[in-house]
Number of protein chains: 2
Amino acid sequence: LLLINGEPATTIDATDRGLQYGDGLFETCAIWNGRPQQWQQHFHRLTLGCKRLGIPLPDGTLLYQEAMQLCHAVSRGVLKIVVTRGGGGRGYRPPAQPAPNRLLQSLPWPDYPASYRQRGIRARLCATPVGQSPALAGLKSLNRLEQVLARAEWSDPEIAEGLMLDPAGHPVEGTMSNLFVVIDGCLRTPDLSRGGVAGIMRQLIIEMAATLAIECRVDTLTLEDLWSADGLFFCNSLIGLWPVRELAGQAMDPEAIPRRLIESLTNQLEYL
Amino acid sequence: LLLINGEPATTIDATDRGLQYGDGLFETCAIWNGRPQQWQQHFHRLTLGCKRLGIPLPDGTLLYQEAMQLCHAVSRGVLKIVVTRGGGGRGYRPPAQPAPNRLLQSLPWPDYPASYRQRGIRARLCATPVGQSPALAGLKSLNRLEQVLARAEWSDPEIAEGLMLDPAGHPVEGTMSNLFVVIDGCLRTPDLSRGGVAGIMRQLIIEMAATLAIECRVDTLTLEDLWSADGLFFCNSLIGLWPVRELAGQAMDPEAIPRRLIESLTNQLEYL
């Protein structure tokens, strides 16, 4: 089911700037027991994104009502929200008064094996780099072609995620997730000021670590940091947290992730 | 007028990957006397782009027929071609057998003042950098949000173009054009292996320079190279070549561009 500006629809104006230029943003929320999860956090990120791009923010109450229209009958699923700058403007130049379009879509829950969370995943190194784009860094914008190319690199169903490096070879994120490294019980996650998507689950884990008195640093990582780490995990709003048991053929310890972090996350996120 | 896969249309499937991820490419051709100009070059770039992205290339004869359907009654205008990967796939992962969508759109000729080409333009330095993205460098992909943000920086109609720098401060391109620098009668244009769009007019000028025995080098430029240059110009398929008479408030000599280059270009491109 899909709503465009509140109305059931299947198509969008072909001149929409979202299609023509990737001029927009999106959010992907878990649906659980008829409600979008982490709604406040997703709406907050959308708010910041719209502000950075100069796209008028959809009304929060209206957006929530429309989200509930799609979610209320869903016990477990995915809500995808796309906000584009709408039509108009001249070439790249945006119109002075944009009329944004909002698309809400209800999608099935992805059927990832339970073992991914419980026993960890196998991951690969992607050849496609994440670009360095200070203007878009952190944003969940519609410019996601690098992630598409990275995800197209493999079809082996045994490989659950791919790690993307920046052009200088620093680990940045997974194709659809953020990365954390565990060293001596402390966490490190890549700085995203030059590229990458600042995930809701990443933010939640950073905050949770602070609550649990687990040291967590945001900084530049190297591949050597990863090889010498006690453990790694990927996270996003749908998968929660996936420990890594193998990266690029090298065994990693999926048990290295602080137990109380996993417990705290599982307690807080019922849908996992 | 707009054709999608050969049929008149105004809308496109909202789940198209072009909208969801910017998963596609485009071309912008001049229309002159009922025909798309530099068709071979545009189709060649589309061919290379589709190959890099793994998108099946539309049939060239069919695409030309559809282009002619839009162009045949147009004496002067713009043809925009968008090719997306179509729908399907799971998240970022593309479908194994993509069914691309092709959009052809006829647009009015942009009404730039004739003085831009004759007496030169005023240009600014954009604060929005062009990202370094080796995976997408050179491609005219649908991921154009940086250009949108750069073009949104100014509304002064006296400023015709903005120069974008990479994150390290090296000049890369205009928001909608490529950049050339003239030094001692020789040309230099930025290397686009890490970012930027490899324009058809840029390619034409590089080839034309060779024919005219004008030295032309593709390399990394600095802002200092620009300030100390004899002259600068921007180019694309619609504007041809715009000399710069002022960059960021500093006067430049619009007459510094080799006269025989301008004459050769004007002779070859009737629509200018």
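Predicted model: local features only at pLDDT ≥ 70, side-chain atom pairs only at ≥ 80, totals over all residues.
User: Which residues of H6(B) are buried?

Analyst: As a general idea, an α-helix has 3.6 residues a turn, so residues three or four places apart point the same way. In H6(B), the buried residues are Ile200(B), Met201(B), Arg202(B), Leu204(B), Ile205(B), Ile206(B), Met208(B) and Ala209(B). Just after this helix, Ala213(B) takes a positive phi of about 55°.

User: How does H6(B) pack with helix H8 (residues 259-268) of chain B, and at what angle?

Analyst: Two packed helices are described by the angle between their axes and the distance between the axes. For H6(B) and H8(B), the angle is about 120° and the axes are 11 Å apart; these two helices are therefore oblique to each other, and their crossing is right-handed. The contact is made by Met201(B), Leu204(B), Ile205(B) and Met208(B) on the side of H6(B), and by Leu261(B), Ser264(B), Leu265(B) and Gln268(B) on the side of H8(B). By class, the residues of this contact divide into 6 nonpolar, 2 polar and no charged. Met201(B), Leu204(B), Ile205(B) and Met208(B), which H6(B) brings to the contact, are also among the buried residues of that helix.

User: What angle and what distance between axes describe helix H2 (residues 39-53) and helix H3 (residues 60-71) of chain B?

Analyst: H2(B) and H3(B) pack at an angle of about 130°, with their axes 12 Å apart, and they are therefore oblique to each other. H2(B) passes H3(B) in a right-handed crossing, in which Trp39(B), Phe43(B) and Leu46(B) of H2(B) meet Gly60(B), Leu63(B), Tyr64(B) and Ala67(B) of H3(B). The contact of H2(B) with H3(B) has 6 nonpolar, 1 polar and no charged residues.

User: Turning to chain A, at what angle do the axes of helix H2 (residues 39-53) and helix H3 (residues 60-71) cross?

Analyst: In chain A, the axes of H2(A) and H3(A) come within 12 Å and cross at roughly 130°, so that these helices are oblique to each other. The crossing of H2(A) with H3(A) is right-handed, and its contact is made by Trp39(A), Phe43(A) and Leu46(A) of H2(A) together with Gly60(A), Leu63(A), Tyr64(A) and Ala67(A) of H3(A). By class, this contact has 6 nonpolar, 1 polar and no charged residues.

User: Where is Gln38(B) found, and is Gln38(B) buried or exposed?

Analyst: Gln38(B) is found in the loop between strand S5 (35-36) and H2 of chain B, and this residue has a positive phi of about 50° although it is not a glycine. With buried taken as under 20% relative accessible area, Gln38(B) counts as buried because its relative accessibility is 14%.

User: And where does Asp184(B) lie, and is Asp184(B) buried or exposed?

Analyst: Asp184(B) lies in the loop between strand S11 (178-183) and strand S12 (186-190) of chain B, and its phi is likewise positive, at about 50°, although Asp184(B) is not a glycine. With a relative accessibility of 66%, Asp184(B) counts as exposed.

User: Which residues does Leu19(A) touch, not counting residues up to four places away in sequence?

Analyst: Leu19(A), which lies in helix H1 (residues 17-21) of chain A, touches Ala14(A) as well as Ile12(B), Asp16(B), Gly18(B), Leu19(B), Thr84(B), Leu103(B) and Leu142(B). Leu19(A) is buried, with a relative accessible area of 1%.

User: With which residues is Leu53(B) in contact, leaving aside its neighbours within four places in sequence?

Analyst: Leu53(B), placed in helix H2 of chain B, is in contact with Leu145(A), Leu149(A), Gly24(B), Leu25(B), Arg85(B) and Leu139(B). Leu53(B) is buried, with a relative accessible area of 4%.

Notes
Residues numbered from 1 in each chain as written. Chains lettered and ligands numbered in written order. Heavy atoms only, no water. Buried < 20%, exposed > 50% of the residue type's maximum accessible area, 1.4 Å probe, protein only. Helix = DSSP H or I, 4+ residues; strand = E, 2+ residues; numbered from the N terminus. Axes fitted to C-alpha atoms, helices over the stretch in contact; angles between N-to-C directions. Parallel < 35°, antiparallel > 145°, perpendicular 65-115°, else oblique. Left-handed = near helix turned anticlockwise from the far one by under 90°. Contact = heavy atoms within 4.5 Å. Nonpolar A, V, L, I, M, F, W, Y, C, P; charged D, E, K, R; others polar.
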